[in-house]
Amino acid sequence: MPIQSATAFAPATVGNVGIGFDILGHTFPAIGDRVRAIRTAHPGVRIREITGIAADLPVEAARNTAGKAVLSLVESQALPFGIELAIEKGIPLGSGLGGSAASAVAAVVAANELLNQPLTRLELLKHAIQGEAVASGSLHADNISPSLFGGLVLTVGIDNPRIKQIPVPSGIRCVLVHPQFYLSTREARAMLNRDLPLSDVVWQTANLAGFLAGCYTNDLDLIRGAFEDVLIEPQRAGLIPGFAEVKRSAMEEGALGCSISGAGPSVFAWALESQSQAICAAMVRAFVRQGLACDQWIAPIGQEGARVVERQ
Ligand code: HSE
C-alpha cells in the first residue's frame with residue numbers, strides 16, 4: 001500500500017545572518033511550519049487548507065510558496081497521481097524569520113516522502129528555491145538551505161548550489177525579537193541600492209570571512225569584531241522603528257553581535273547563554289519604548305533541518 005500522506009516540519013531561520021546577504025543563514029528551531037502532503041487521484045498540485053498563525057495566504061498553488069515548490073518537484077517527475085497540501089503556519093508572516101522558505105521546504109520534504117524519497121536534499125533545495133521566489137521576487141537560498149539542512153549554512157551558487165554547514169562555537173544562543181508588524185520582503189529588497197562603495201564591499205567581505213574563520217576556530221573575539229553588516233543593515237534600519245536603540249541595548253548587555261533577521265522586522269543577536277536573558281529583555285524594552293509589542297525567543301543555533309514527522 002503506497003503512502004497516502006506525509007507531514008514534514010521545517011524550522012524558522014535567520015537568513016540572512018547580517019554579514020552574509022542572501023548566502024548565510026541559520027536554523028532557529030523554536031518555531032516552524034508543518035506541511036502535510038496528501039496523495040489524490042486527480043493529477044496536479046492543490047492547496048487543501050492553510051491554518052495556524054498566518055492563514056491569509058494565496059491558495060492558488062502557483063502563487064503559494066509551498067504550492068510552487070511542489071509544482072516544480074512534480075514537473076520533474078512523471079506522477080500518475082496528484083498532491084494536495086495542508087499548510088500549518090507557525091512562523092509569523094512578513095517577520096524576517098524565513099516563513100515562506102519553511103513552508104516551501106516542509107512541502108518538498110513531505111512530497112518527497114510521499115513519493116518514497118526519490119530526490120536528494122540538494123535536489124529538494126532547487127525546488128524549494130522556486131517556491132521562495134514567489135514570496136520574495138528573487139532566487140536566493142539563505143533561508144531555504146538552513147531550514148532544509150540544519151545549522152549555520154553557507155550557500156555558494158544558485159543554479160548548482162553548494163552547501164556548507166559551518167560549525168558554531170558551543171554555548172552560543174540566538175536571541176530573537178519580533179516586533180509585531182508586517183514588513184514586505186519584496187519591498188525590503190526593492191528598496192536596496194545596488195551600487196555600493198567598493199570600500200564597503202571590501203569591509204563586508206572581510207567581515208564575512210572573519211565571521212566564518214571565527215566560527216571554525218572558536219574565536220569569539222573575531223566573531224564579535226566581524227559581526228557588522230555594513231552593506232544592507234544601514235539601508236534597512238529605517239524600516240524598523242527603534243532599530244538603533246534595540247541594537248545598542250543588545251550590545252551594551254554583551255551581545256556578540258546584533259542585526260536584522262532576513263529582511264526584518266525581527267532583530268536577532270548572538271550571545272553567550274549566560275547573557276542571553278538580559279540581552280533579550282533589553283531588546284524588548286527598547287521596542288516597547290517605540291510602542292511595539294514583541295514576540296521573543298532564545299534558542300541554540302539548531303543543527304537539525306526539516307524532517308518528516310508523520311506518515312500514513
Ligand atoms: N536574504 C533575504 C533578504 C532574506 O534579506 O532580503 C529574505 O528573503
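**The interior of the model**

A: C215 is buried, with a relative accessible area of 2%, a value that falls under the 20% limit for that class. The structure is a predicted model, and every value here is computed from it. A search of the whole structure finds 0 disulfides. C215 accordingly has no disulfide partner, and the nearest cysteine sulfur, in C174, is 12 Å away. A disulfide requires two cysteine sulfur atoms within 2.5 Å.

C294 may be considered next. The closest cysteine sulfur to that of C294 belongs to C280, at 8.8 Å, and this is too far for a bond. C294 also counts as buried, because its relative accessibility is 16%.

The account now turns to the packing of nonpolar side chains. The largest nonpolar core contains 67 residues, and L24, I83, L85, I144, F211 and W270 have the most contacts inside it. Helix α2, which spans residues 99-114, supplies the largest share of this core, namely 11 residues. At least three residues of the core come from each of two domains: domain 1 (5-165 + 302-311) and domain 2 (172-300). Another core, of 20 residues, lies apart from it and includes V175, V177, I279 and L292.

Leaving aside residues up to four places away in sequence, I47 touches V59, A61, N64, G67, L85 and I87. One of these contacts, L85, is among the residues with the most contacts inside the largest nonpolar core. By contrast, I47 and F181 are 134 residues apart in sequence, and their C-alpha atoms are 26 Å apart in space.

There remains the open space. The largest pocket holds about 610 Å³. Its lining comprises 38 residues, of which G94, S100, A135, S136 and T185 are the closest to the pocket centre. The elements that give two or more residues to this lining are α1 (65-75), β4 (82-89), α2, α3 (121-136) and α5 (185-190). α3 gives the most to the lining, with 4 residues.

Note on methods: Residues are numbered from 1 along each chain as its sequence is written. This is a predicted model: local features need pLDDT of at least 70, side-chain atom pairs count only at pLDDT 80 or more; totals for chains, interfaces and linings use all residues. Side-chain values use heavy atoms; hydrogens and water are left out. Buried means under 20% relative accessible area, exposed over 50%, partly exposed in between (1.4 Å probe, protein chains only). Contact means heavy atoms within 4.5 Å. A nonpolar core is a set of buried Ala, Val, Leu, Ile, Met, Phe, Trp, Tyr and Cys residues joined through side-chain atoms within 4.5 Å. Domain bounds come from an automatic or database domain assignment. On a 1 Å grid over the protein atoms alone, a cavity is a set of points where a 1.4 Å probe fits but cannot get out, and a pocket is an open set with protein on both sides within 12 Å along at least five of seven lines; lining residues have an atom within 4 Å of a point. Grid points are joined across faces, edges and corners, and a volume is the space filled by probe spheres set on the points.
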